[in-house]
Amino acid sequence: MKSKNCPSISALMGLVAMPQSKNIDLSGLKDVILGEKPSIFPLTIGWWIVLSIVFIGLFITFLYVKKRFFPSPYEYALDELKRIKKQTIMPVEVGKELSKLLKRVAIFKFGREEVSLLTDDEWAKFLRTNGKNFLTPDEADFIAQSTWMPPQKDIAISLENLYTHTKDWIKFVLKEK
């Protein structure tokens, strides 16, 4: 729908003044010299900040993965002790579980040849001597002999003290590794 008063677009474009390329004066541009392409180094402050954030993020991720999936023997033993403590099992079963845990810790620290064949009195003596007497003789005997005890047997040892002394024993034995 064209009105008589509106000129067409092509007619308007013809009215715009376009200089001819041979009439353009470029003499003012003769002093413009392009500089060298900037190098990547030295980095600007923004890049240093970005790289620092990335490095810190990677470091924190590494520490999280190491802590979560690859705990130290000390942390692993304490986590196992907490797991045993949370269970609602009979006291004799607690003694069996602690004996297994302490045997694993002792094998890690002192070697399989020295520890794996120890049973009963030898195991109790080993627990007392190598743990700097953190376990009382009654506690060490209970841990060593709990494997052979009937599950319903009553014991005269405080489980809280037993857990505390076992934790101290683990701390003392694994402090060097």
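**A viewer's tour, from Glu75 onwards**

Select Glu75 to begin: this residue counts as partly exposed because its relative accessibility is 26% (buried means under 20% relative accessible area, exposed over 50%, partly exposed in between, with a 1.4 Å probe and protein chains only). You are looking at a predicted model, where local features need pLDDT of at least 70 and side-chain atom pairs count only at pLDDT 80 or more, while totals for chains, interfaces and linings use all residues. Residues are numbered from 1 along each chain as its sequence is written, and side-chain values use heavy atoms, with hydrogens and water left out.

Lys67 counts as exposed, at 53% relative accessibility.

Zoom out for a moment. The chain has eight helices and zero strands (DSSP runs numbered from the N terminus: helices are H or I with at least four residues, strands E with at least two). Of its 177 residues, 24% count as buried, and the structure holds nine salt bridges.

Next, select Glu80 and Arg83, whose side chains meet in a salt bridge at 2.9 Å, N to O. The two are three residues apart in helix 3 (residues 73–86), so about one helical turn separates them. Glu80 is buried, with a relative accessible area of 14%, whereas Arg83 is partly exposed at 33%.

Move on to helix 6 (residues 120–130) and helix 7 (residues 137–145): their axes come within 8 Å and cross at roughly 135 degrees (axes are lines fitted to C-alpha atoms, for helices over the stretch in contact, and angles run from 0 to 180 degrees between N-to-C directions). That makes helix 6 oblique to helix 7 (under 35 degrees counts as roughly parallel, over 145 as roughly antiparallel, 65 to 115 as roughly perpendicular, and the rest as oblique).

What forms a salt bridge with Asp141? Pick Arg128: the closest N and O atoms are 3.6 Å apart. This pair links distant parts of the chain, with Asp141 in helix 7 and Arg128 in helix 6, 13 residues apart.

Finish at Asp120, also in helix 6. Its phi is near 45 degrees, a positive value in a residue other than glycine. Most residues other than glycine have a negative phi.

How values were computed. Salt bridge = Lys/Arg side-chain N within 4 Å of Asp/Glu carboxyl O.
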